[in-house]
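The following exercises concern the fold of one protein and the surroundings of its ligand. Each task is followed by a solution in steps.

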Amino acid sequence: MKIIIDTDPGQDDAVAILLALASPELEVLAVTAVAGNVPLHLTTRNARMVCELAGRADLRVHAGCDRPIARALVTAEHVHGKTGLDGAELPDPTMPLADAHAVDAIIEILRREPPGTVTLCPLGPLTNIATALHRAPDIGPRIARIVLMGGAYFQVGNITPAAEFNIYVDPEAAHAVFRAGIPLTVLPLDVTHKALTTRARNEAFRAAGPVGPVVAGWTGFFERYDKEKYGTEGAPLHDPCVIAWLLQPDLFSGRHVNVEIEVDSPLTRGMTVADWWGVTDRPKNATFIGGLDSDGYFALLTERIARLPGG
Ligand code: BDR
Ligand code: CA
């Protein structure tokens, strides 16, 4: 399966990228960076560091939008640290950024590849994706599926009481993507809060080949915020759920429902209103995932990370 990873690394984004690069079922056509957890100059840096860590300096990493469509950028250093990848020391990247802007790269790839063969995997705010769809509406029907991490419904928000970070940061972009008529799978907090990095799971990462200790360093760092906040053992390892869903969808369960994005209300900005019980006539536009076999998820992650040779 051919994929484009659109990302704002972030430790959990980094683990998602590693999972994809360790998986022969997936062909990563490009990594496109967006501003989100940290500003763009750091997400582009982090994305390249992760590719190099995986021994994939040959990949194309593109810099994308440095701010949301209609709002000031909100970042999440309180969760991810000031670099976005605090928790493990990695060398500065040496691979260059690709010349093309991420939005142009997304458009070019979708026009070049046969229709229905490329899946988009957004792991951050949806600014690059929405901008590409706006600029080149012909690419919409060519996208096989969008599988994204974002939103929350039965689980409350993590950046405001109502909203999940990725959707909150650029609600206008999310609104456009959810209304685009493209097959959509959504991995919200409802499922990612079942993917908790317990001590045993972190130790399994640490023992998983040359890259494992780096992953354990990241998940250990990530944890300190979430543990305190949610009082759970371990932190939700959000973004790898997207890649795991592609690899092993039977680990997950969900429902095809209508999901709308709140863009007007300051109180509930970025809320993903999912019609779980079908109480409206609004058209179903997304498969909203809620259930997870968490042991299966961490077993998949650990087994794949162990395959990486290191940079
Ligand atoms: C999402 O926000 C970011 O902090 C994480 O990388 C993840 O994509 C979780 O709300
Ligand atoms: Ca992310």
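A residue is buried if 20 or more other C-beta atoms lie within 10 Å of its own, exposed if 12 or fewer, and partly exposed in between, with C-beta atoms placed from the backbone. The model is predicted: local features need pLDDT of at least 70, side-chain atom pairs count only at pLDDT 80 or more, and totals for chains, interfaces and linings use all residues. Residues are numbered from 1 along each chain as its sequence is written, and chains are lettered from A and ligands numbered from 1 in the order in which they are written.

**Exercise 1.** Determine what share of the protein is buried, and judge its overall dimensions.

*Solution.* Step 1: buried residues make up 56% of the 311 residues. Step 2: a compact globule with 311 residues would have a radius of gyration near 19 Å, and the protein's 18 Å agrees. This radius is taken over C-alpha atoms, and the globule rule is 2.2 Å times the number of residues to the power 0.38. Step 3: along the principal axes, the C-alpha atoms fill a box of roughly 50 × 45 × 35 Å.

**Exercise 2.** Classify the shell around ligand 1.

*Solution.* Step 1: Ala, Val, Leu, Ile, Met, Phe, Trp, Tyr, Cys and Pro count as nonpolar, Asp, Glu, Lys and Arg as charged, and the others, Gly among them, as polar. Step 2: the shell has five nonpolar, six polar and four charged residues.
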